[in-house]
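Subject: the two-chain model, handed over

Hi,

Here is the structure I promised to send you. Have a look at it first, and then read on for my notes on what turned up.

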Amino acid sequence: MKVIIADDEELARHVLREYLERQAGIEIAAECSNGFEAVKAAAEHRPDVMFLDVQMPKLDGFEVLELIDSEIAVIFATAFDQYAMRAFEAAAVDYLLKPYSEDRFRTALRKVEQRKGEIRPASLPAELKAAARLPGEYLERIVVKDGTRVHVIPAGKLDYAEAQDDYIALRSEGKNWLKQQSIASLEAALNPKRFVRLHRGYLVNIERIARIEPNTKDTWIAVLNDGSKVPVSRGGYQRFNSLVGG
Amino acid sequence: MHPLLRSWKTFLLYLAAWAPLGLMFGLLISVAGPLTKSETATLIVPVIVVLAFACLSPWYMCRALPLRSTNPWRLFGQHALAAVVVAAGLLIAASAYVSSLSDVLPGLNRGYTRAAPVLGAMITMIYLLSVAMHYVVIEAQTSRRSELLAREAQLRALKAQVNPHFLFNSLNSISSLTAADPMRARQMCIQLADFLRTSLRLGERTLIPFSEEMELTRMYLSVEQVRFGGRLQMAIDIEPACDDCEVPALMIQPLVENAVKHGIALLEQGGEIRMLGRIVKDGLRFVIENPYDPLAPSSRSGIGLANVRQRLDARYGSAASLDVEASDDTYRVTVLVPAKGAQASESMVRDEKRAS
């Protein structure tokens with residue numbers, strides 16, 4: 001079994017290495033000290049399991065999980081117990097609370113073996129995602145993978161997101177980025193006061209809307225500050241109006 | 001809203017309390033009149049009911065004129081004026097009421113003229129008595145509230161003492177070291193124990209010398225240095241005159257913890273935490289700077305800062321301050337506390353007082 005360890009603290013990586021070395025048939029493919037490295041190493045080595053710390057420089061553990069292959073089993077290892085719900089929501093295999101015993105660690109590895117071949121669901125229902133988040137806590141940045149590189153889009157710089165089959169196209173600063181996610185789950189994670197679902201396939205940053213023009217009897221067109229146009233459904237028009245209080 | 005009007009039960013109880021007062025009123029009036037029993041009752045029952053309501057009104061006036069901060073002459077004048085207005089109003093209404101009944105109860109009309117001055121004096125007295133009662137109630141309420149606030153602050157301070165994540169991460173470092181480097185593991189256990197013991201001891205006190213606070217901060221950093229290794233550097237420059245200044249316990253350590261958690265821990269290469277302590281004109285100024293990654297994954301910052309700010313505000317009001325500046329890569333927190341115990345600053349405070 002191929003394993004990657006990602007933790008910014010050397011001593012924390014050290015415990016894991018010690019436990020892993022005592023297991024038979026384990027190969028430690030890489031040790032990473034920040035989120036970017038972890039994503040890169042995952043693409044390079046295609047491991048079976050990744051041990052992820054939550055708070056790391058560059059990208060946190062949850063962002064890393066979003067960007068790696070969904071066949072890789074993820075085990076979080078952190079001192080913070082308040083992320084357990086989010087880890088469950090992100091379909092992590094296990095959640096180790098530091099400091100953890102070798103027995104507890106073995107249990108986690110066993111879970112990986114039991115779930116071998118299972119693919120992590122790309123995303124859970126939006127309601128569950130919203131429930132996993134603390135009230136008032138919204139996604140402040142979106143991470144996307146551009147080949148082997150990772151790009152970070154702050155929520156305020158996202159113009160709009162457009163649904164495209166299994167992907168969403170994110171428009172930010174004149175560029176388009178593709179990410180494998182449903183538009184509903186992105187909508188659930190972002191602040192509902194700043195982003196409005198104008199159409200089944202469009203989630204728009206409310207600050208970017210220049211004006212809304214009538215199109216047909218029951219549809220409208222939103223013109224954004226950069227001139228691009230987004231279709232608006234009847235429900236979207238109502239949501240927009242209730243948000244701006246018009 | 002008036003506390004007595006919050007529930008029907010308390011309000012009815014309040015009205016019932018007026019029954020003996022009404023009886024006393026009636027007795028005096030019937031003598032002063034003189035009036036018969038039925039004449040007295042006809043006059044007194046409506047007067048007492050109206051007065052019971054009128055005596056709720058000081059609640060609003062008492063709150064607008066706080067006992068401590070209002071000039072006593074103004075305080076007395078305003079309430080006396082209100083009492084006279086209430087008495088005059090009631091008397092005018094009562095005389096209109098009595099004269100409307102002159103056909104039915106001619107005796108009442110005659111007796112009322114003689115009883116009116118007694119009635120007016122009593123209304124004024126009762127009203128002023130209710131003003132005094134209202135002040136007692138308000139005072140009891142505020143003291144209960146400030147007691148609650150003090151207890152809450154104590155609890156918060158206790159919670160702020162030891163951050164559980166710091167503890168768990170440190171234990172994880174120890175767990176790691178036990179196999180690789182038992183001697184360092186033991187050393188870290190001792191450092192952690194020293195820090196915990198000192199922070200519990202200091203947490204019981206409200207004001208401590210600045211030097212003790214800095215000692216605790218150093219203990220904290222020595223534990224974190226094991227965890228972060230070379231990533232955590234520090235530079236401490238404290239003027240010796242700061243040492244004896246009295247500062248609220250556990251005021252600096254949370255700021256340093258913030259700098260580690262939101263600054264150093266999210267930088268791959270880590271960085272240097274710089275601390276500066278100086279005695280200035282208004283007291284002790286402490287500056288802490290740390291490098292940070294403005295693009296770092298969001299983590300809730302500011303809770304530790306808000307806690308320190310609240311405690312400073314509760315103790316010193318506007319005499320203390322906590323300012324935050326965040327540039328592209330540096331986060332700086334500046335704290336100013338009025339210095340007690342620093343001889344230089346004390347004489348300066350005295351000079352200032354003389355000047356003003």
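Bear in mind that this is a predicted model.

In chain B, α8(B) and α9(B) pack with their axes 9 Å apart, at an angle of about 25 degrees. An angle under 35 degrees counts as roughly parallel, so α8(B) is roughly parallel to α9(B). Their crossing is right-handed. If you want to click through the contact, α8(B) brings B:Glu213, B:Leu216, B:Thr217, B:Tyr220, B:Leu221 and B:Glu224, and these meet B:Gln253, B:Val256, B:Glu257 and B:Val260 of α9(B). Sorted by class, the contact of α8(B) with α9(B) comes to 5 nonpolar, 2 polar and 3 charged residues.

Now for the sheet that goes with these helices. Chain B has an open sheet of 5 strands, in the order β2-β4-β5-β7-β6, and the pairing is mixed. Which strands stand at the edges? They are β2 (232-238) and β6 (321-326) of chain B; each has a single partner strand, so one side of each has no neighbour in the sheet. From one strand to the next, the twist averages 10 degrees.

Helix α8 (residues 210-228) of chain B lies across β2 and β5 (283-291) of chain B, and runs at about 165 degrees to β2(B). Helix α9 (residues 253-263) of chain B packs on the sheet too, where it touches β2, β4 (271-280), β5 and β7 of chain B. The direction of α9(B) makes about 15 degrees with that of β5(B).

Helix α6 (residues 164-180) and helix α7 (residues 182-203) of chain B have their axes 7 Å apart and pack at an angle of about 155 degrees. Anything over 145 degrees counts as roughly antiparallel, so α6(B) is roughly antiparallel to α7(B). The crossing of α6(B) and α7(B) is left-handed. On the α6(B) side the contact uses B:Ser170, B:Ser173, B:Ile174, B:Leu177 and B:Thr178, while α7(B) supplies B:Pro182, B:Arg184, B:Ala185, B:Met188, B:Cys189 and B:Leu192. That contact of α6(B) with α7(B) divides into 7 nonpolar, 3 polar and 1 charged.

On to chain A. Its secondary structure comes to 8 helices and 15 strands, and 40% of its 246 residues are buried. Of the contacts in chain A with a separation of 6 or more, 51% are between residues 24 or more positions apart.

Chain A also has an open sheet of 5 strands, with the order β10-β9-β8-β12-β11 and antiparallel pairing. Its edge strands are β10 (175-180) and β11 (195-199) of chain A, each pairing on one side only. Here the twist averages 25 degrees from one strand to the next. Between β11(A) and β12 (residues 202-205) of chain A there are 4 bridges, and the two run antiparallel; A:His199 has A:Tyr202 in β12(A) as its bridge partner.

A hairpin in chain A is worth a look as well. Strands β6 (residues 141-146) and β7 (residues 149-154) of chain A pair in the antiparallel sense over 6 bridges, with A:Ile142 opposite A:Ile153 in β7(A). The hairpin has 2 residues between its strands, and A:Gly147 takes a positive phi near 70 degrees there.

Leaving out residues up to four places away in sequence, A:Val150 touches A:Phe36, A:Val39, A:Leu59, A:Leu67, A:Val143 and A:Lys145. The C-alpha atoms of A:Val150 and A:Lys40 are separated by 8.6 Å, though these residues are 110 apart along the chain.

Last, where the chains meet: 22 residues of chain A are in contact with 24 residues of chain B. On the chain A side, helix α1 (residues 10-21) gives the most, with 6 residues. By class, that side has 9 nonpolar, 4 polar and 9 charged residues.

Cheers

Terms used. Residues numbered from 1 in each chain as written. Chains lettered and ligands numbered in written order. Predicted model: local features only at pLDDT ≥ 70, side-chain atom pairs only at ≥ 80, totals over all residues. Pairing = 2+ DSSP bridges. Axes fitted to C-alpha atoms, helices over the stretch in contact; angles between N-to-C directions. Contact = placed C-beta atoms within 7 Å. Nonpolar A, V, L, I, M, F, W, Y, C, P; charged D, E, K, R; others polar. Buried ≥ 20, exposed ≤ 12 C-beta atoms within 10 Å, placed from the backbone. Parallel < 35°, antiparallel > 145°, perpendicular 65-115°, else oblique. Left-handed = near helix turned anticlockwise from the far one by under 90°.
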